[in-house]
Amino acid sequence: MVAPRSSMASATASHPPLNSRKLLRRAILNRAFALAYACAILALFYHHVKTLLRPATAANAIAALFLLLADVVLAFMWSTTQSFRLYPTRNEEFPENLEKVVGGTGGFPALDVFICTADPYKEPPMGVVNTALSVMAYEYPVEKLSVYVSDDGGSELTLFAFMEATRFAGHWLPFCRERNLVERSPEAYFASSHRDGTEIDKIKMMYESMKMRVEHVVERGKVGEEYIIGDRERRALNMWTDEFTRQNHPAVIEVLLDNNRDRDITGNVMPNLIYLSREKSQNAPHYFKAGALNALLRVSAIMTNAPIILTLDCDMCSNDPKTPHRALCYLADPLIDQSQLGYVQFPQRYQGINKGDIYCGDFKRLFQINPIGMKNGPSYVGTGCFFRRRSLFGPPSAIVQSEIPELSPEHSPNGLIRSERMLALAQNVAGCKYEHNTNWGHKVGFRYGSLVEDYYTGYKLQCEGWRSAFCHPERAAFLGDAPICLIDVLNQTKRWAIGLLEVGFCKFSPVTYGIQSMGLLMGLSYAHYAFWSMWSIPITIYAFLPQIALINGLSIFPKVSEPWFLLYIFLFLGAYAQDLADFVLAGHNSTLRRWWNDQRMYLIRGMTCYVFGTIEYTLKSLGIAAHGFNLTSKVLDDEQSKKYEQGVFEFGAVSPMFMVLGAAAIINLVSLVQGLIMTVVRRSVGGDAEGLVLQILLAGFGVVNGWPIYEAMFIRSDKGRMPTKVTLVSAFVASLLYTAVSLA
């Protein structure tokens, strides 16, 4: 992040501090360990070269080549990981000082909130409504707060839900304000509150009534005539009964709440609430979420043009009404170079994760551990990010001029947001062909060119010279819903892997353009993510090669009595010990059990979504296959939820990814049994089995990690067990690999 100029705390004689930044003591230990570990890696490479120059057999030479490939990739990924460990810092904010520094709430900048949704069946409208209500209830000057909802699914169901929400908001916002609530998502509040009272019962009944109507409409798939809504709302909904049944549909912009006109039940102003469904056409690319965000960026520029923008996923509800105050501790700090600070990122944190976090839904390393070590500030992770609008319009040194003056970040909107002129202009910039032959998505706005628009946008902004700040308060600023089905988790990560490879192998690759633009450490930080799927190479090799060699009685690692044996032990235990230390020091439910499940999911992802993501990216690059954007479902299945809460893996889907997992589990189990039998036999006849110890340990490690797979294949009988077809194919693949190696 952009550090204060004076000291660790941003304070002057006239202003109290708004934030502080401290280098963690573990930095020195990390640097010392990195030096020792680097020496060990060099020694390992020396051992590989020595083995290749004098192989015992041709099989040993082939195995040594594969192990060298695996260890080269591991060394590269380890080097990128060190970029997060050399300068770990802890930031702290002092929001209680904010009003003193900016001159009261009147000095707060205007704030536009962007919420994106795309499918009312995978992203239920009530979840989106709760997210919107939670930020509409922020402790922020209401006249400076505007919430924009992008409905890329163009669904009358979502629009109806928000029409209902506008009525409920008139009661909910004063209810939150009068009781000074911390949880301002109605669903979260009523789920956690057990207090009784007439007012609470009344507001809860209103919420449940609204929820019932919305869910009934979603279940029916359309809005019936029995629902009493105004003529304007009915006309808006009728758009879907004619225009929206065609392949091409126009943009729809509905000002649901206007702070110049609408009041809550206590007579106080309500924040702006604007619904947008941008124009779609089969003849124009729409660029998924990045395109939706850019449409919001333009429409909001026409209507309110707030200098600060908050982007949120549709399931990321606010968990702290004072979150904007924390963001302003950086964005309004007079001691931070505001011409370079582009955004403030909060970590993604999730509710509903089971005790052991079996699917690594927290993504603790991605969202909490790594960001504190990025020297110029964290990457953008798609939600919970407060942008300076100016940062999306070119580098700090030179603004990229907009096609029309109304889109400039320096423009001051003049007029009512419901005015005919303003709505017509907003309709124009929400058109599907507006971006044609412009800088949008390339030099301006959220960037196109990757499925992971968040990573790519943050990366390009930092390459341009913008910096960022990481804000990680004890109480989560936002809480979302993590996938609770393994196949959803893997498909989501596969989509990320494809998008990251698109950046890694483009002309702006972090290992070339990134290092040149941002320096070595930041370039390596972004390279770590861009080449995430490269983990598949060493994980897959170490999951199959040593085990197949063990089954065939071939020793490919040093003997216990050789010094090289200790080198392998140090490299393995050293890497795992440091990973455990990082995890535990991160706090927030960082238990040993969660760490174990975290490393298991790394191995599972390495053999599944990273492999298939790499294959899909390669095929797409060759023009053989194309991929699209698939939403991760936010709908919870009761049976899946029950198994997830019990910590039971869900393998019920027929997927080639599960076939690979099954094959690896079978080979590790067979090799462990074979290795132990071989050791006993050799020892009984006075033979030497020292050369097989590392392979037996590795197979045992695989078996312990693969226990949920064995349960799903051979023990369980519920719907979440591994399908018989998948088990049989896994066994066939395992036997095929063994036969092929044996014949070779």
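Modeller: The model is predicted, so local features need pLDDT of at least 70, side-chain atom pairs count only at pLDDT 80 or more, and totals for chains, interfaces and linings use all residues. Residues are numbered from 1 along each chain as its sequence is written, and side-chain values use heavy atoms, with hydrogens and water left out.

Biologist: Why is serine 730 called buried?

Modeller: Buried means under 20% relative accessible area, exposed over 50%, partly exposed in between (1.4 Å probe, protein chains only). Serine 730 has 1% relative accessibility, so it counts as buried.

Biologist: Where is serine 730 found, and which residues does it touch?

Modeller: Serine 730 is found in helix α25 (residues 724–743). Helices (H or I, at least four residues) and strands (E, at least two) are DSSP runs, numbered from the N terminus. Not counting residues up to four places away in sequence, serine 730 touches Phe658, Met659, Gly662, Ala663, Ile666 and Met713. Contact means heavy atoms within 4.5 Å.

Biologist: What does the side chain of serine 730 reach?

Modeller: That side chain reaches the backbone oxygen of valine 726 at 2.8 Å.

Biologist: What makes strand β6 largely enclosed?

Modeller: Six of the six residues of β6 (residues 272–277) are buried, so the rest of the structure largely encloses this strand.

Biologist: Which residues cover each face of β6?

Modeller: In a regular strand the side chains alternate between the two faces of the sheet. Asn272, Ile274 and Leu276 are on one side of β6, Leu273, Tyr275 and Ser277 on the other, and all are buried.

Biologist: How many bridges join strand β4 to β6, and how many join strand β5 to β6?

Modeller: Two strands pair if DSSP finds at least two bridges between them. Five bridges join β4 (residues 145–151) to β6, in parallel. Serine 150 stands opposite leucine 276 there. Five bridges also join β5 (residues 252–257) to β6, running antiparallel. Leucine 257 has leucine 273 as its bridge partner.

Biologist: What makes strand β9 mostly covered, and which strands does it pair with?

Modeller: Five of the five residues of β9 (residues 341–345) are buried. Four bridges join β9 to β12 (residues 467–470), in parallel, and tyrosine 343 stands opposite serine 468. With β11 (residues 385–388), β9 pairs in the antiparallel sense over three bridges. Valine 344 stands opposite phenylalanine 386 in β11.

Terms used: A polar contact is a pair of N or O atoms within 3.5 Å; within protein, one must be able to donate a hydrogen and the other to accept it, and residues adjacent in sequence count only if both atoms are side-chain atoms.
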